[in-house]
Amino acid sequence: MKTRIALMSAAAGALFAGAHAASADDLTLCWAAWDPANALIELSKDFEAQSGHTMSFEFVPWPNFADRMLNELNSGGQLCDLMIGDSQWIGGSAESGHYIKLNDFFEAEGITMDDFIPATVTGYSEWPKGTPNYWALPAFGDVVGWTYRKDWFEMPELQAEFSETYGRDLGVPETLAELKDIAEFFQGREIDGKTVYGAAIYTERGSEGITMGVTNALYNYGLTYGTSDEPYKLDGVVNAPEVAEGLEFYKELYDCCTPPGSSDWYMSENIDAYKSGQVALQMNFAFIWPGVEADPNVGGGKSGYFPNPAGPGGHFAQLGGQGISVVSYSDSQDAALEYIKWFAQPEIQAKWWELGGYSALKAVVEDPDFATSQPYAQTFLDSMAIVKDFWAEPSYASLLLSMQDRVHDFVIAGNGTAQEALDGLVEDWTEVFEDDGKL
């Protein structure tokens, strides 16, 4: 892709010609504290040089990100000029007036949502969903996928034992059932003189972790949020028997195949377990893959990547990622819009990918060289083609809290049955939507 970037960059800098003559602003961009944020700091140096504006950054660790930034928005605070907010915030932020609507700006600047991966437009930009009302530019495409110890899978003695036990080759699983077999195979096994475990999965209760994990099973056993005819229909949909089977599967995977003490794990704990050689498989968002590939212990060909496997009721993966919005309380909205215009350029999006960001621009991901540009690039493409997201309703925080509690109580604490957990969840969600006047 470097040749393509060079061609596109031939005109770079013209966009903000004369910008230094205009008044310079100090813009603050708010996001989560993670590796992609560091890449964005590096990328944004180009914007500072071209525009004359100065960029400051407010990054908050993921477990505290939603509380901190939603409190900032709800209070009308002026800390953030630009917000890379989670996909689930879009409904509440649009209806509460936290973000400015971008339709007129996009039209004036020739920015079209047709140029972005459709799932990211729906997930990060639209409210109401399915309508051409845009409150963000897709900024960071992300999705839950899997990392595996390719070097372990290729050990001849393990290949032979697995084939004899399961009647198939030890390789990338195509189904959730096959994934569980592999996790069981590695659980408690000794490799290189060290006891290892099957899989690191999301179990965290305090923010969103277990929800972002368990949905990768529930979707593939048939979970939908309402129906096409009744978007808030819950009973018989969210708690359908097949969905309960998916919840039981996730509990079985936790019980059989995870490391000791992993009852409250999310992104960072899974990364640590994988990089330290504790597990054969790791569930995590795709943003971690550049760091895995660069790691001296598990990178350089020792790891492989695959999309969330299919289940008996479908093939989906939990959408992650975010859009970038202009905060309506900012005193520097014009400069913030300049940033979005700059960020949307194909040459900037291509550089974003090179630095470790996940571009959602079709010109980048559909480039003929993209799929081979990184060992995980094809897996990213395949995963983004099967995404599904959690509720993006204005009351999403209440919906999320109920799911966190109900699912964690069953999967981790072992209380009740899967069906009882989902029945309780339907009761909770029904109350939320009744309060919202939607039921």
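User: At roughly what angle do the axes of helix 9 and helix 11 cross?
Analyst: In this predicted model, the axes of helix 9 and helix 11 come within 9 Å. Their crossing angle is roughly 15°.

User: Is the crossing of helix 9 and helix 11 left-handed or right-handed?
Analyst: The handedness describes how helix 9 passes helix 11. This crossing is left-handed.

User: How many nonpolar, polar and charged residues has the contact of helix 9 with helix 11?
Analyst: Helix 9 contributes Leu176, Ala177, Leu179, Lys180, Ala183 and Glu184. From helix 11 come Phe249, Glu252, Leu253, Cys256 and Cys257. By class, the residues of this contact are eight nonpolar, no polar and three charged.

User: Is helix 8 oblique or roughly parallel to helix 9?
Analyst: Helix 8 spans residues 156-166 and helix 9 spans residues 176-186. Their axes come within 12 Å and cross at roughly 125°. The relation of helix 8 to helix 9 is therefore oblique.

User: Is the crossing of helix 8 and helix 9 left-handed or right-handed?
Analyst: In this pair, Leu158, Glu161, Phe162 and Tyr166 of helix 8 meet Asp181, Ile182, Glu184, Phe185 and Phe186 of helix 9. These contact residues divide into six nonpolar, no polar and three charged. The crossing of helix 8 and helix 9 is right-handed.

User: Is Glu161 buried or partly exposed?
Analyst: Glu161 lies in helix 8. Buried means under 20% relative accessible area, and exposed means over 50%. Because its relative accessible area is 33%, Glu161 is partly exposed.

User: What separates the C-alpha atoms of Glu161 and Phe185?
Analyst: Leaving aside neighbours within four places in sequence, Glu161 is in contact with Phe185 and Arg189. Glu161 and Phe185 are 24 residues apart along the chain. Their C-alpha atoms are separated by 9.4 Å.

User: What does helix 18 reach from its first C-alpha to its last?
Analyst: Helix 18 covers residues 396-411 and has 16 residues. At 1.5 Å a residue, 22 Å is expected. The reach of helix 18 is close to that, at 22 Å.

User: Which helices are included in what covers the buried residues of helix 18?
Analyst: The buried residues of helix 18 include Tyr396, Leu399, Leu400 and Phe410. Their cover includes helix 3 (62-74), helix 10 (209-218), helix 11 (241-257) and helix 19 (418-435).

Terms used
Residues are numbered from 1 along each chain as its sequence is written. This is a predicted model: local features need pLDDT of at least 70, side-chain atom pairs count only at pLDDT 80 or more; totals for chains, interfaces and linings use all residues. Side-chain values use heavy atoms; hydrogens and water are left out. Helices (H or I, at least four residues) and strands (E, at least two) are DSSP runs, numbered from the N terminus. The expected span of a helix is 1.5 Å times one less than its number of residues. Buried means under 20% relative accessible area, exposed over 50%, partly exposed in between (1.4 Å probe, protein chains only). Contact means heavy atoms within 4.5 Å. Axes are lines fitted to C-alpha atoms, for helices over the stretch in contact, and angles run from 0 to 180 degrees between N-to-C directions. Angles under 35 degrees count as roughly parallel, over 145 as roughly antiparallel, 65 to 115 as roughly perpendicular and the rest as oblique. A crossing is left-handed if the near helix is turned anticlockwise from the far one by less than a right angle, and right-handed if clockwise. Ala, Val, Leu, Ile, Met, Phe, Trp, Tyr, Cys and Pro count as nonpolar, Asp, Glu, Lys and Arg as charged, and the others, Gly among them, as polar.
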